[in-house]
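Hi everyone, thanks for making time for this. I'd like to walk you through a structure that may be new to you, so please bring it up on your screens.

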Amino acid sequence: MKIAVCVKEVPDTTAEKRIDPGTGRLVRDEGDRMLNEFDKYAVEEAVRLKEAGAADEVILISLGPEKAVESLRQALAMGADSLVLVSDPAAAGSDYLGTANALAKVLDDSGAELVLLGSEATDARSGVMAAALGEVSGRAWVTAANSLAVSGGSVTVDRQSDDGVDTVELPLPAVVSVTKAINEPRYPSLKGIMGAKKKPQEVKSLADAGIDASKVGEAGAGTKVLSVETPPARQAGQVVKDEGNGAQQILDFLIEKKIV
Amino acid sequence: MPGILVVAEPQGSGFRRVGLEILSKARELKDSTGGPLAAYVGGSGVADQAAQLGAYGAEKVFVADHEALGSGLAAPHVDVLAQLQAENDFSAILFGGTSQGRDTAAALAARLGAGLNSDSTDLAPGGSGLQATRPAFGGQNLVQSTWTGGPQIALVRPNSFQASESGGSAEVVAVTPAISDDALRAKVTARKPAEEGKISLEEASIIVSGGRGLGAPENFAVVEALAASLGAAVGASRAAVDAGWYPHPNQVGQTGKTVSPNLYIACGISGAVQHKVGMQTSDVIVAINKDEEAPIFQFADFGVVGDLFEIVPQLTELINQRKG
Ligand SMILES: Cc1cc2nc3c(=O)[nH]c(=O)nc-3n(C[C@H](O)[C@H](O)[C@H](O)COP(=O)(O)OP(=O)(O)OC[C@H]3O[C@@H](n4cnc5c(N)ncnc54)[C@H](O)[C@@H]3O)c2cc1C
């Protein structure tokens, strides 16, 4: 079985100033860039399935700027076998649907039966890609897997729902997003890091990948940024030392704010 | 029929509050979209509660009752909503940002080829209908976003609006759900509900969080007691989660949940930037920390420098007394 893991390079969201107010797009060329933290759990799960003999190949699929290869190599260092990165100026500004359309095309051509994603990306934080990709690619899908097992032609997951944990079974081919509870991602070994550079890393344009340019990028986007504001940062409020009445002071504050 | 459709998730014999919050807001917005204010209720055995939504401003409630709609999985709802959209041509479809809401909104938008503004904290009339406010990077930026076409699909962050009754009544329309085999491929084979009375972090209007300052897993009891007195959910810093003191779904921050409660009480949390980006859009932040230099005091509305093991139990006691 072949597993595809969708991965994304993200900016360090804890740094300041991340959206260009002129274009309304993420600023792509400053600060630290990294593999999305949530994706590491999906990569780890795929590599474990391969190590356990349940899969024979783990491929990485991504949409992003060409330079993203450097961040995504970390997933190769963790044990994935190869990377396909779709990179094209015409894909810039893709929304959730453009991204899902592009990833779905690469997936269809990859022959992957199981597709894993992180639960969200630390930059956009929408957490909608697995559902959109499941829909666009016509595969069965489930989100928020706390655990995952593959047997025969189906996948069984423990899904974190709003009300508890459900056991969900779905047939392959399937799209599954995983939560942080699923595993503890490994740190790449030195050998893994060295080996990663030699693994296949293909950068494809939209044309190379056979992706319809009208379905991605700004052309395919269903939303449009009107403006970006930077609200004033939160200010320090009142800070008191506890002299035995700290709790009372908090209560008084909450009463004043009409919270209790 | 143009107009707004609000997806209200049933919960027990009522509804998740976020659906009522969105309906309350949609009452103000419907003048700019035209059409009656409609709601969708999908579930298993939910027909009786649908009429309740009239009190929050729904004029028409579409109810779909089917076993598969009560499974907690989104795909069957996507079929029903796509069917409703084909018949009614709503100009906007609004979902609460719950796990089921997110899944349903994303798959529905993808099926309809529609734009999706997720994690919206405000909605206003604008352009050809609505415009959405979305915080980016943990609230460092506020993005005003609109749609390039219809239907305008949005996910709304819980606690963005006040739920308020308007005293109306709704026409309830029963929908015969046509659910495809594809939507039934994923099946729930067992369910393990969370503990009774546990409130999910994203929906909670008050959150009490604990960090490394708690020192040991059993000390979370102190935080849980305060949370219980306030009817609050319990959050945790990554340090506490990584140490195995509290479960992953309760982590707040860059690699945990983003929350916007009315009140966030941080106990023994230093306020690292990765924690801050997950909670700085809270209305009111209270911090208890023994280190007066802790960064959390730079953005808390009220801070007490002191030992949480003294202050938190006292506060719990005071709040319980006040409740009588
Ligand atoms: C990529 C990345 C992602 C991250 N994501 C997250 C995230 O999602 N969420 C998150 O929270 N962190 C995240 N972090 C970690 C973050 O940087 C901090 O390490 C973490 O938030 C610290 O947790 P803490 O405040 O509980 O612990 P500490 O920083 O150790 O603070 C403990 C605090 O408790 C106080 N204290 C101790 N004893 C007492 C007492 N008896 N009474 C009162 N106060 C006391 C101390 O003064 C101290 O301020 C991330 C880091 C990285 C690198």
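Let's start with a question: how far does a polar side-chain atom of B:R212 lie from an oxygen atom of the ligand? The distance is 2.6 Å. Before we go on, please keep in mind that this is a predicted model.

Now look at two other spots around the ligand. At B:G268 the backbone takes part, with an N or O atom 3.0 Å from an oxygen atom of the ligand. At B:D307 the side chain does, with an N or O atom 2.9 Å from a nitrogen atom of the ligand. On its own the ligand exposes 980 Å², and the protein buries 78% of that.

Which elements give two or more residues to the shell around the ligand? They are α5 (238-242), α6 (273-276) and α7 (308-323), and they belong to chain B. There are 26 residues around the ligand, and those that come nearest are B:R212, B:S237, B:S270, B:Q274 and B:N289. By class, the shell has six nonpolar, 14 polar and six charged residues. Chain B is not the whole story, though: residues from chains A and B surround the ligand, so the site is shared between chains.

That brings us to the place where the chains meet. Chain A puts 78 residues into the contact, and chain B puts in 91 residues. Between them, about 7000 Å² is buried, with carbon and sulfur atoms giving 56% of that area. On the chain A side, A:D162, A:R234 and A:I250 lose the most area to chain B, and together they make up 11% of what that side buries.

Please zoom in on A:R234 for a moment. Which residue of chain B does A:R234 form a salt bridge with? The partner is B:D301, and the closest N and O atoms are 2.7 Å apart. In total, seven salt bridges are counted between chain A and chain B. There are also 47 residue pairs in polar contact between these chains, counting pairs with both residues at pLDDT 80 or more.

Several elements of chain A give two or more residues to the side that touches chain B, among them α3 (96-110), α4 (129-137), β7 (140-151) and α8 (246-256). Of these, α8(A) gives the most, with nine residues. Sorted by class, that side of chain A has 35 nonpolar, 22 polar and 21 charged residues.

Definitions and conventions. Residues are numbered from 1 along each chain as its sequence is written. Chains are lettered from A and ligands numbered from 1 in the order in which they are written. This is a predicted model: local features need pLDDT of at least 70, side-chain atom pairs count only at pLDDT 80 or more; totals for chains, interfaces and linings use all residues. Side-chain values use heavy atoms; hydrogens and water are left out. A residue is near a molecule or strand if one of its heavy atoms lies within 4 Å of it. A polar contact is a pair of N or O atoms within 3.5 Å; within protein, one must be able to donate a hydrogen and the other to accept it, and residues adjacent in sequence count only if both atoms are side-chain atoms. Accessible areas come from the Shrake-Rupley method with a 1.4 Å probe; for residues, only the protein chains shown count as cover. Helices (H or I, at least four residues) and strands (E, at least two) are DSSP runs, numbered from the N terminus. Ala, Val, Leu, Ile, Met, Phe, Trp, Tyr, Cys and Pro count as nonpolar, Asp, Glu, Lys and Arg as charged, and the others, Gly among them, as polar. Contact means heavy atoms within 4.5 Å. Buried area is the accessible area (1.4 Å probe) that two parts lose on being put together, summed over both. A salt bridge is a side-chain nitrogen of Lys or Arg within 4 Å of a carboxyl oxygen of Asp or Glu.
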